[in-house]
Amino acid sequence: MPAAGTAPFATFLIIGPTCFFLGVLFAYFPYDYNVLWSTPPVLEAGINPRTAFFLLQENHLKFIHASPPLISRILHIVIGTGLLGFLIKLFKPTEANLLFDGASLVLYMCGITVYIANIVKGLRTVTAGAYGTKALDHEAGETIVDKALENREGEYIGREDSLRVMAASNTILALVLVGVLVLQAGQWYAQRKEQEEMALMDAKRDEKRAEKAKGEGKKQK
């Protein structure tokens, strides 16, 4: 198990970055909400009410991607801090560590995968404006899955779909990070209940010993 006194610090190293990333994703939510979760009211007939929100989201993503290199370095340091916390907690792990911290690490790595595969790639696509312009031939039975297997799906995913994928990726990442927090909270609760039960058992044992010693003292008299 982790060295004595390191578990709370390691938990802090996990929860801190997780909450940090949730805060970053929360800043995206005003842009993602009307793109993915809600249909704005129609202001003018014949015009997609989401058009303005797609533009806002696109400009925001371009601004984020154009941030100084220091920003991405800080982000990657925070990611590494979370991984360090998991390594500390999983050093000579107990059964509880394997269950809770192991599952948390799996979710954390899933989040990193979503970040690298979807978000980073999406930011580059949006900045370059490299949206797909081709259309699927549904009559010929073409699907986006077939194009993905051919590694050509980018040629068929247009601007709006690309922005929706970015919004969906943010949502998936947020759910994964919430899962990490839930597992860490579950571990804390389980350890607290275990300590309470151990304290209760110790108290009963001490009480029985005291009664036994008292009885033996009376016999000696």
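Where does UniProt place the feature "transmembrane region"? The unreviewed entry gives residues 12-31, 70-91, 98-117 and 165-183. The views below show a predicted model.

View 1. Residues 12-31 carry the annotation in the unreviewed UniProt entry. In the model this span is 100% helix and 0% strand. Its end C-alpha atoms lie 30 Å apart. Residues 165-183 are annotated in the UniProt entry as well. That stretch is also 100% helix and 0% strand. Here the end C-alpha atoms are 27 Å apart.

**View 2. The aromatic pair of Phe 20 and Phe 21.** A search of the whole structure finds three aromatic pairs. One of them joins Phe 20 and Phe 21 in an edge-to-face arrangement. The ring centres are 5.5 Å apart, with 70 degrees between the planes. The term edge-to-face applies because the angle is over 60 degrees. Phe 20 is partly exposed, at 37% relative accessible area. Phe 21 is buried, at 11%.

**View 3. The aromatic pair of Phe 29 and Tyr 33.** This pair is tilted, with 5.6 Å centre to centre and 55 degrees between the planes. Both residues lie in helix H1 (residues 6-37). They are four residues apart, about one turn of the helix. An α-helix has 3.6 residues a turn, so residues three or four places apart point the same way. Phe 29 is partly exposed, with 41% relative accessibility. Tyr 33 is partly exposed too, with a relative accessible area of 38%.

View 4. Helix H2 covers residues 51-65, 15 residues in total. From first C-alpha to last, H2 reaches 21 Å. That is close to the 21 Å expected at 1.5 Å a residue. Its buried residues are Phe 54, Gln 57, Glu 58, His 60 and Leu 61. Seen down the helix axis, these buried residues fall within an arc of 165 degrees, so they line one face of H2.

**View 5. The largest pocket and its lining.** The pocket has a volume of about 690 Å³. Its lining comprises 27 residues. Nearest the centre lie Tyr 28, Ile 64, Leu 75, Tyr 115 and Leu 123. The elements that give two or more residues to the lining are H1, H2, helix H3 (69-89), helix H4 (95-128) and helix H6 (159-220). H4 gives the most, with eight residues.

How values were computed: Residues numbered from 1 in each chain as written. Predicted model: local features only at pLDDT ≥ 70, side-chain atom pairs only at ≥ 80, totals over all residues. Heavy atoms only, no water. Phe/Tyr/Trp six-rings, centres within 6.5 Å; stacked < 30°, edge-to-face > 60°. Buried < 20%, exposed > 50% of the residue type's maximum accessible area, 1.4 Å probe, protein only. Expected span 1.5 Å × (residues − 1). Arc of directions from axis to C-beta. UniProt positions renumbered as here; feature names shortened; annotations may be inferred. 1 Å grid on protein atoms, 1.4 Å probe; cavity = no way out; pocket = protein on both sides within 12 Å on 5 of 7 lines; lining within 4 Å. Points joined across faces, edges and corners; volume = space filled by probe spheres on them.
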